[in-house]
Structures are given as structure tokens and as C-alpha cells.
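Here are my notes on the model you sent over. Have it open beside the text, and go through the points in order.

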Amino acid sequence: MNLKQAGSGADVDERLAALLTNANAVRAITAAVEGTIGPKGLDTMLVDRFGEVIITNDGVTILDKMDVNHPAAKMLINTAKAQQAEVGDGTTTTTIMAGSLVSEGVSQVMRGVPVARVIEGIKYGVSKVLDGVKERARTITAVNDPILRSIAMIAGREHTDIADLVVEAAKLIGVEKLNEYNFKLSEIITAEAGANNEVFMGVIVDQERMTQEMPEEITKAKLLLIDDALEPEEIEDEALSTEAGFKRYIDLQDEFKKNVQKIVGLGINVVMVDRGVHSAAEEILTDANIMVIERVSSKDLRRVADHTGARMIKRTGLKKESVDIEKYLGAAEKVYQDEKLEQVRVIGGSGKPMATILVGAATEEVVGERERIAKDAASSVQAAVKGGYVPGGGSIEVAMAREVGKYRENLKGMAAYGLDCVTNALKQPLSQIVENAGFNPLEKVEEAVTSQAAQNCDSLGIDCDTGEVADMLERGVIDPVPVKLHAIKAAGEVAVAILRIDTIIKKKEEGANAQKAGAADSGMPDF
């Protein structure tokens, strides 16, 4: 179908051209991250128009920072982001497998296989792979299992210090907390330039006390958390011009000062505020030797509330009787300011146990990357505790490729070619890992396939140092089951979604945007 046949000013590609266009876009995205996978993967430098540089081999960071306009490419990037949000790791594997599925699917279509049959085979193959991975899962029952450190090392890109921090934090928190649906181990991580690596039971607030006149350290802390500004209620400027309005203003100021005095009377010695603090309140609280931290992030406030047993209160809540305000207070053994790192720490809260992982970095330039590495390691450790583990290094995918091939005869007609797409895509992670290590991917993947079949061992892969076949479990190369399952499922879904697109149509713009576009495109013919 050409543009004139489409009518209504729409830009339409022919069916096969649309498929090829989408496949090329997906291939470009895959190429951007495939060089980072595996222990020998290299880094990518991302540069913006202001010259700011990020150097990383974290797949989702690369994809997130890329300047991408093509809709199919965006679909793949969004899939990787969903992988990161759900399980916190495996984004590069997801991208590589999805790209391979699309590429293999397009090859089959070019050979004359109907898209519907290719999709049927892919869906069938993916479902069999998911079942196979679940059957091979090995469980973790205790946080002192040495397997967890191996998982932290692999996901943490072999940074020993980071792996040790993550495992120590997991031991402090315990299996029960790690299995909580809403708890994410990666969220307790913070990285700071000049800091020492540290794991402790407590919470970091990334702010300083308001003034140097306030105490630097409070023991037996009694905390009030205000999810609001600590300021008088505002009155409109027009009202201030009237006598009644000015009297109302004076009354509000007096009421505010009385409410602040309640804080002093209750023996509260630490106040954390979501927004700003009025100068009158600052003066009263400073004179009372109370530590005040303003503009605390919502995330930090929630963590402090959980750790200390406090309930957040609005500024209007300070109008309550003192006995009622008392119910909102939290407690901690100690609250103090780290002058070097310009942070406040809350230690030994009376609420839920809360650990913090502080990752040190030599310079500001490497802080972000160290934090990303630690978060990947933490996410993988928690995922393994929740869902178990399987051999890594691309070995489980190769095992599933062998397994899926056995189901080919169960499919009727051309759907078998779609199953072939899954088989080939499953070999792609190992292929890319060994290629990045400097070996021939075709040769090494075939060695792994042959060795697994001969020894009936699903954990055999390729040692990236020697190029020899090795048992990944014995080498400590291990991946969490939830990461694998989500990666395979997400790759299958996005590949099917892209293969189903047979026409690309530019939407008609509406309203003001349409007028601007019309002015910009005034040279375009009307259809």
C-alpha cells in the first residue's frame, strides 16, 4: 500500500517493510548493550549535549539514557525497564534475547513462514522454557548459604567488597524480611564519595541539621516527623489589607508559636520536616537544644518512620492536645550528624529493624556506577532468596534450548519454525558472553551443547578465562530464578508484540499541535 492509497494524509509502510524497519530498530538497541554482558564485557560511554559523561556497563542505564525515537526501539527499552523494576537485574539478557527472537522471527517470515505461525511457535516455546526453568530451580532456606555470596559476586560484576556488603546486610535483615512483598533490599543502598564501606542497623537521612547551633548528636532520641512545612498557616495578601485580616494573621502567628512550644513541652529532641521551617520555629527549637532537619525526602521520612515507630503528622496536627501528639512520636537510641558525609543517621529505632548499606567511592565520577552495581547485587540476592537459583553464564539457556528442541514434533505445520526461533534465541546469551571473552561463539556454544548432552548435565557452560567447558555451579556462576523467568517471559512478550505489527501509520495530530505541525509540514501534499 502506498501513501496515496492510504488516504487522509497518513504515512503507511508496506507490511514487510514495517517488519524490517522494526527489526532494524530492535537490532540497533541490542547492539548497544550486547558488548557489556559477561565477566569480560566492556563499558559504554554515554555523553549528553552538555558534555556530561556516564561510563557504565549496566544495561538498563545505557538503554534509559539513549536518545531513541523509534517506537519499536522504545518498546524494547520499556521492557528492559520493566525487568529492572520487577526484579532489579537481567536487563541485558532480556534485551539480547528479545532482539534475537525478533531477528529470528523476521528471518522465518522472509523465508515465507506466516507471521501467525511464527508467533504461535514462539509462545509455545517460551511457555515450555518457563516450565523447564521452574523445574530446575534450587532453593535457598537460610541467609548464611554461601550460594548467596556467589550470586552477589556475579550480579555485582565481581566487586568483592560490594558482594560482602550485600550479603552482610541480608544476614542482618533475615529471610522473613527479604521475602516481604513490598521490601526491596536495593532501596537500602546509598553511595557516597569519600565514604567507607559500611553496613549498619539504622537509617541515613541525606540532609544536615538546620544550624550549627543545634546539637550534633542526640541519645535516647524522641522524634517528631512532620510531613508538611513547619510554618504558620498562610493568609491571602488581599485579606491582610483589612483590619480583620491583619488580626487573623497575628492570631495565626501566635497559634503557631504555641504549637511549636508543644514540641518543646513534650520533650521531643529531634524534628524532621518534609519542607521548610519558619524562622520563629527555628529560633524556639534551637533555644530548646532540639535537632531539626528540614527538607527531608519522602523516602527518607518513610524509612525513619518505619525504623523509629513514628507516625507522620501534618502541621495542622500540632493543634491537637499534647497527649494526642504523643501518639505520633518515634524513638531511637541515637541520632547524629556525620559531618564528613553531611548526613544524619538514625540508629537503634524502636520500630522495624532497618539496615543501611553505605557504599564508598573514591570520586564523584564513580559514585553512580558503584551504586548501580550494589543495587544489582542486592536485587539478585533477594530474588534468589525468594525464588531460588539456577546455573548462570548462559548454561541454563543452552539447557533449555536442548529441551525445547524435543517439543518440535508436537507442533503442527509451520509453527515449528517459531519454536526454532526460541531455540536459537536461547543460545544467544552464551554466544555473546564468549564472544565478549574473545572466543569463537559458534564453536563454544556447540561445545557447551554437546557437553551437556554427553554428560547429561545442565550446568555446563564456558569458562571465559580459558575457553574450556566448565560446571557453572562449581565455579559459583549462578543466577536467580526470578531474574531468568522474568527475562525470558518479557523477551517473548515484546518480540511477539513487535512481530505482530504489520503496518506503521503516523497518527493525525490534533488541536494546537496539528496547527504547528501543519505549518512545519506545509510542503507535504494533501491526500
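1. Start with the open sheet: eight strands in the order β3-β10-β4-β9-β8-β5-β6-β7, with mixed pairing. Strands here are DSSP runs of E with at least two residues, helices are runs of H or I with at least four, and both are numbered from the N terminus. Two strands count as paired if DSSP finds at least two bridges between them. At the edges sit β3 (189–193) and β7 (291–293), each pairing on one side only. Neighbouring strands of this sheet are turned by 45° against each other on average, direction ignored.

2. A word on what we're looking at. This is a predicted model, where local features need pLDDT of at least 70 and side-chain atom pairs count only at pLDDT 80 or more, while totals for chains, interfaces and linings use all residues. Residues are numbered from 1 along each chain as its sequence is written, and side-chain values use heavy atoms, with hydrogens and water left out.

3. For the overall picture, the protein chain has 21 helices and 14 strands. Its C-alpha atoms fill a box of roughly 85 × 65 × 40 Å along the principal axes. Of the 527 residues in the chain, 50% are buried; buried means under 20% relative accessible area, exposed means over 50%, and partly exposed is in between (1.4 Å probe, protein chains only). Take contacts (heavy atoms within 4.5 Å) between residues at least 6 apart in sequence: 75% of them join residues at least 24 apart.

4. Now look at β4 (residues 198–205). Six of its eight residues are buried, so the strand is largely enclosed by the rest of the structure. On one pairing, four bridges join β4 to β10 (residues 355–361), and the two run antiparallel; Val199 has Ile357 as its bridge partner there. Strand β9 (residues 343–349) is also joined to β4 by four bridges, again antiparallel. In β9, Val203 stands opposite Val346, and Gly202 has Ile347 as its bridge partner.

5. Which helix lies across β3 and β10? That's α15 (residues 364–387), running at about 160° to β3. For all such angles, axes are lines fitted to C-alpha atoms (for helices, over the stretch in contact), and the angle runs from 0 to 180 degrees between N-to-C directions.

6. Just after α12, Asn289 takes a positive phi of about 60°.

7. Helix α5 (residues 91–110) deserves a point of its own. With α20 (residues 481–499) it packs at an angle of about 35°, the axes 8 Å apart. Residues on the α5 side include Met97, Leu101 and Gly105, and those they meet in α20 include Ala487, Ala491 and Ile498. By class, this contact has 13 nonpolar, four polar and one charged residues. In that scheme Ala, Val, Leu, Ile, Met, Phe, Trp, Tyr, Cys and Pro are nonpolar, Asp, Glu, Lys and Arg are charged, and the others, Gly among them, are polar.

8. The other α5 packing to check is with α17 (residues 415–426), at an angle of about 145° and with the axes 9 Å apart. Met97, Ser100, Leu101, Glu104, Gly105 and Gln108 in α5 meet a set in α17 that includes Tyr417, Asp420 and Cys421.

9. Cys457 is in none, and the nearest cysteine sulfur, that of Cys464, is 17 Å away. Cys457 counts as buried because its relative accessibility is 19%; Cys421 counts as buried at 0%.

10. Finally, Lys220 in β5 (residues 217–226). Is this lysine buried or exposed? Lys220 is exposed, with a relative accessible area of 73%. Leaving out residues up to four places away in sequence, Lys220 touches Asn269, Ala332 and Glu333. Lys220 and Asn269 are 49 residues apart in sequence, yet 8.9 Å apart in space, C-alpha to C-alpha.

How values were computed: Disulfide = S-S within 2.5 Å.
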